[in-house]
Amino acid sequence: MQSKCNHQTNKYYMNLLDIIFLAIALAMDCFAVSIVSGVLGGGVLRMAFFFGFFQAMMPLLGWLGISYFSTQLEAYDHWIAFSLLLMIGCNMIREAFSSEEEEHQHFNPNLLRTQLLLAIATSIDALAVGISFACTGYQQLSQLVLPLVIIGVVSFLFSIIGNRLGTRFGKAIAHRLKPELLGGVILILIGVKILVSHLFA
């Protein structure tokens, strides 16, 4: 496999604890977005599935495309994630100040399109994880099965937990401020965090 590792493969494989910590780190954005979804009354299972699926597939794509394509995409993935979250977040903030008749006409966490956009936006920077896999000795697809399954399952579970927390405390939040406003701000902050973490890495 051609790689950006100068063809030097370090024979280091993550142990189970390493993989779990990595999976938890990757799941944090899914967790935060799922809380927002729960506050807004979004469904849980399909969104959790998409979050888990894309969090697992992005490292695989990064590993498969370790050559030129992956290198080029890695240079822009944080901008793509930031743009998607900024677009969705700004739309939610706009809706927070619209009339009640207009609310929820555009942003709906139960829509398939919305869930796919959120799943892609929160997982696209995980492409770099696939590149790191290729650079640390994972040369066979069979070696990736366990890490990818753990990443997907952890993101799935964290998404369910986040959604339940948002649902549980959503009413209290809604009584104090507009949940769309809070959700929009949170999504934008997640996007900024992704962007800053890459620009100053």
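The largest nonpolar core has 39 residues. By nonpolar core I mean a set of buried Ala, Val, Leu, Ile, Met, Phe, Trp, Tyr and Cys residues joined through side-chain atoms within 4.5 Å. Buried denotes under 20% relative accessible area, exposed over 50%, and partly exposed in between, with a 1.4 Å probe and protein chains only. The residues with the most contacts inside this core are Phe-51, Trp-63, Leu-85, Leu-118, Phe-133, Leu-144 and Leu-187. Two or more core residues are given by each of helix H1 (16-39), helix H2 (45-64), helix H4 (77-96), helix H5 (112-123), helix H6 (127-135), helix H7 (141-176) and helix H8 (179-199). H1 supplies the largest share, 8 residues. As general background, nonpolar side chains in soluble globular proteins tend to be buried together.

Please bear in mind that this is a predicted model, in which local features need pLDDT of at least 70 and side-chain atom pairs count only at pLDDT 80 or more, while totals for chains, interfaces and linings use all residues. Residues are numbered from 1 along each chain as its sequence is written, and side-chain values use heavy atoms, with hydrogens and water left out.

Next, the chain as a whole. The protein chain has 8 helices and 0 strands, and its pattern along the sequence reads α-α-α-α-α-α-α-α. Helices (H or I, at least four residues) and strands (E, at least two) are DSSP runs, numbered from the N terminus. Of its 201 residues, 45% count as buried. Among contacts between residues at least 6 apart in sequence, 88% join residues at least 24 apart; contact here means heavy atoms within 4.5 Å.

I turn now to helix packing. Two packed helices are described by the angle between their axes and the distance between the axes. The axes are lines fitted to C-alpha atoms, for helices over the stretch in contact, and the angles run from 0 to 180 degrees between N-to-C directions.

How do H1 and H2 pack? Their angle is about 160°, with the axes 11 Å apart. H1 and H2 are therefore roughly antiparallel to each other. On this scale, angles under 35 degrees count as roughly parallel, over 145 as roughly antiparallel, 65 to 115 as roughly perpendicular and the rest as oblique. On the H1 side, Leu-26, Cys-30, Val-33, Ser-34 and Ser-37 meet Met-47, Phe-51 and Gln-55 of H2. By class, this contact of H1 with H2 has 5 nonpolar, 3 polar and no charged residues. In that classification, Ala, Val, Leu, Ile, Met, Phe, Trp, Tyr, Cys and Pro count as nonpolar, Asp, Glu, Lys and Arg as charged, and the others, Gly among them, as polar.

H2 also packs against H5, at an angle of about 35° and with the axes 9 Å apart. From H2, residues including Phe-50, Phe-51 and Phe-54 take part, and from H5, residues including Leu-116, Leu-118 and Ile-120. The contact of H2 with H5 comprises 10 nonpolar, 4 polar and 1 charged residues.

With H6, the axis of H2 comes within 6 Å, crossing at roughly 50°. That makes H2 oblique to H6. Met-58, Pro-59, Leu-61, Gly-62 and Trp-63 of H2 make the contact with Leu-127, Val-129, Gly-130, Ile-131, Phe-133 and Ala-134 of H6. These residues divide into 9 nonpolar, 2 polar and no charged.

Finally, some individual residues. Leaving aside neighbours within four places in sequence, Phe-133 is in contact with Met-14, Leu-22, Pro-59, Trp-63, Tyr-138, Leu-144, Pro-147, Leu-148 and Ile-151.

Phe-54, in helix H2, is buried, with a relative accessible area of 17%. Residues up to four places away not being counted, Phe-54 touches Pro-59, Leu-116, Ala-119, Ile-120 and Ser-123.

Beyond residues up to four places away in sequence, Asp-77 touches Ile-124, Asp-125, Leu-127 and His-198.

Ala-126 lies in the loop between H5 and H6 and counts as buried at 0% relative accessibility. The C-alpha atoms of Ala-126 and Leu-26 are separated by 7.2 Å, although the two residues are 100 residues apart along the chain.
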